Amino acid sequence: MSRRDAIGLAHRHFDDGGFLAGLREAVALPTESQAPDQGPALAAYLTRFITPLVSRLGFQTRLLDNPIPERGPFLIATRHEGADLPTVLTYGHGDTVRNYPEQWREGLHPLAVTVEGERWYGRGTADNKGQHLINLGALEAVMQARGGTLGFNVKLLIEMGEEAGSPGLHEVCRAESAALAADLLIASDGPRLEAARPTMFLGSRGGVTFELVVNLREGGHHSGNWGGLLRNPGTVLANAIATLVDGQGKILLDGLRPPPIPVGVRAALSDITVGGDPNAPEIDEGWGEPGLSPAERVFGWNTLEVLAFKCGDPDGPQNAVPPSAKATLQLRFVVGTDWQGVLPAVRAHLDANGFPMVEVRATRGEVFRATRLPVEDPWVTWGLASIEASTGKRPALLPNLGGSLPNDAFSEILELPTLWVPHSYPACAQHAPNEHLLGPPTREALGLMAGLFWDLGETGPAVLAERRAAG
């Protein structure tokens, strides 16, 4: 059989209801990693659903306890066909955010897939059960087309804690580096640039969250009697933040700014239009770094966001100068940013600008590192050509996702080139009530992933040899 046959079998998996049946089985299993005491439920997804599914495809499976107590387990599965063949690692997460069924629209339930036109509702349909099931379905289609083989080796890693910050993932990748050794990561998470356009991204922006706190005194004091005499912590904090980022969103502190956008990244982003989805918010013109396109601002640059600001009682303000104020800020950053120097740079800057009373605190949240496979890598050219051959569409290439993923576990610890091919879309309502997957892009994704895996067995060895020859 041929590449075309493999794609046809993947489409048939959608058309005959097989994919929907599997998705319903997956969604019916509650896997809320953010809720307490979910260990047995999280393990059940791996033992009752994923293990039988991949065992049928010839994978050898192994369940791993999380090295961090009371966190979700991991599954490593391996299908080995030959020592001289390329090896691909693929990844997904079976955990979801909280279900909150009472918040879903009437007629919907987070643990049941409800089909309404093109929308398939259910928790995990888009993030991430539906996405890794697409990839497994595509692998099976290629095996059928090749008479039971793939032409490459596959390793699968499924975690059950991504929505809780991927606790233990980095430790598992270090401890299991030999078991997870591969030539390439191909995985799926996050949204396409827009529903109708296939997308590939090569990494993600990093994220550092920190607090600025001003504690000046005990208790509030009457604003009529003491206003103008007592330093106001809200005013102090607002002005301190204004020295970091201006009123148009431009970062003012050099220590928080990235290096210039590389030529290859800028060229890739010239083809990207942000906000084309009808459900997307309207982009604010003139906001952010001057001289950059919207795509460059979100995929090629750093942003400093004020996530929260509290002073006094916002819901019941009193006629008093408050004693304290606190703000939570987040720096989303690209490759090349000195993320370890962020807090020291902020501290030194505030001291130099007359704000020694503003405390800089690291939050407990994990720092996500920025990652980006160079756009010039041969695997990038190979992946884009494969997707276009399968869909007839020019895929969007994002050098990195605007958000953050634990991609550094793969790109830095396992030292893999990373290709991410997302299958949801920006308005999928992930992490919110009424999460859904779209039917037509799902069918297309099954086909394009079958084409990608077919090509890995055909032309993957040549690409691998090219990379090795280049050093």
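**Figure 1. Helices and strands of the predicted model.** The protein has 14 helices and 19 strands, where helices (H or I, at least four residues) and strands (E, at least two) are DSSP runs numbered from the N terminus. This is a predicted model, in which local features need pLDDT of at least 70 and side-chain atom pairs count only at pLDDT 80 or more, while totals for chains, interfaces and linings use all residues. Residues are numbered from 1 along each chain as its sequence is written, and side-chain values use heavy atoms, with hydrogens and water left out.

**Figure 2. The largest nonpolar core.** Here you can look into a set of 72 residues, in which M200, W382, L419 and M449 have the most contacts. A nonpolar core joins buried Ala, Val, Leu, Ile, Met, Phe, Trp, Tyr and Cys residues through side-chain atoms within 4.5 Å; buried means under 20% relative accessible area (1.4 Å probe, protein chains only). Another core lies apart from the largest one and has 32 residues, including F74, L169, A295 and L405.

**Figure 3. Around L419.** Leaving aside neighbours within four places in sequence, L419 is in contact (heavy atoms within 4.5 Å) with L184, L185, I186, A187, M200, F201, L202, L373, W379, V380 and W382. Two of these partners, M200 and W382, are also listed with L419 among the residues with the most contacts inside the core.

Figure 4. Of the 471 residues of the protein, 54% count as buried. Among contacts with a separation of 6 or more, 81% come from residues 24 or more positions apart.

Note on methods:
Buried < 20%, exposed > 50% of the residue type's maximum accessible area, 1.4 Å probe, protein only.
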